[in-house]
Amino acid sequence: MIPLLIATHNPHKTLEFQQIFGSDFRVCDLSDFPEFPAIVESGKTFAENARVKALEVSQRMPGLVLADDSGLEVDGLSGAPGIFSARYAGEKATDEENIVKLLKELRQKDPTKEKRGARFRCQVALAHRGKLLQTFSGVVEGIIVDPPRGEKGFGYDPIFMPNGFERTFAELLDTEKNRISHRANAIKAVKEFFTTAPRSW
């Protein structure tokens with residue numbers, strides 16, 4: 001079993017990681033280390049933020065550290081909210097507040113609903129003792145629905161319907177979402193890395 005420290009305090013994200021990684025990995029996160037200082041996401045891209053988090057945590061903590069940065073890109077908002085997805089409506093915004101702001105802006109900028117294409121994008125960085133081992137990416141395409149639908153998931157899941165489905169991420173079963181999501185696609189690449197890369201940690 002491979003131990004992985006996920007560089008996040010988000011329990012929803014950690015649960016998804018554990019479900020997708022499966023029994024071959026033992027996942028924990030920074031909630032087990034409350035003394036760990038907050039990480040400033042200073043990057044201008046998902047990839048930069050993932051690397052920043054992975055390297056900073058791995059310099060302070062032993063073992064393998066995995067960090068991701070992910071978010072929603074909406075065509076009708078010129079790619080927003082992007083790297084600001086978690087704090088689109090403010091630094092301490094709730095999921096609901098972020099969704100309300102996004103839909104309000106989208107109704108104003110795209111009243112004919114012609115630019116509702118969107119994608120969830122995920123960048124993952126794997127580090128060990130301050131050294132970046134590899135980066136991985138995943139994406140899932142879909143559309144924005146209005147009003148929100150579903151009670152599962154978190155973040156923008158109630159307004160994102162992946163291509164090929166008639167249900168939003170918040171309406172899908174965890175097993176369905178974890179088979180096609182942006183995070184699942186990135187983690188598939190991580191698992192492939194562990195099966196092929198020589199062990200250097």
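Which residues have the most contacts inside the largest nonpolar core? They are L4, F21, L66, L126 and F194, in a core of 22 residues, where a nonpolar core is a set of buried Ala, Val, Leu, Ile, Met, Phe, Trp, Tyr and Cys residues joined through side-chain atoms within 4.5 Å, and buried means under 20% relative accessible area with a 1.4 Å probe, protein chains only. Two or more residues of this core come from each of β1 (2-6), α1 (11-21), β2 (25-29), β3 (64-74), β4 (117-128), β5 (131-144) and α5 (182-196), and α5 gives the largest share, six residues. Another core, of 18 residues, lies apart from it and includes I99, L102, L106 and I159.

This is a predicted model, in which local features need pLDDT of at least 70 and side-chain atom pairs count only at pLDDT 80 or more, while totals for chains, interfaces and linings use all residues. Residues are numbered from 1 along each chain as its sequence is written, and side-chain values use heavy atoms, with hydrogens and water left out.

The chain holds five helices and six strands, taken as DSSP runs (H or I, at least four residues, for helices; E, at least two, for strands) and numbered from the N terminus; their order from that end is β-α-β-α-β-α-β-β-β-α-α. The radius of gyration, taken over C-alpha atoms, is 17 Å, close to the 17 Å that the globule rule (2.2 Å times the number of residues to the power 0.38) gives for 201 residues, so the chain is as compact as a globular protein of that length. Of these 201 residues, 49% count as buried.

Note on methods:
Buried means under 20% relative accessible area, exposed over 50%, partly exposed in between (1.4 Å probe, protein chains only).
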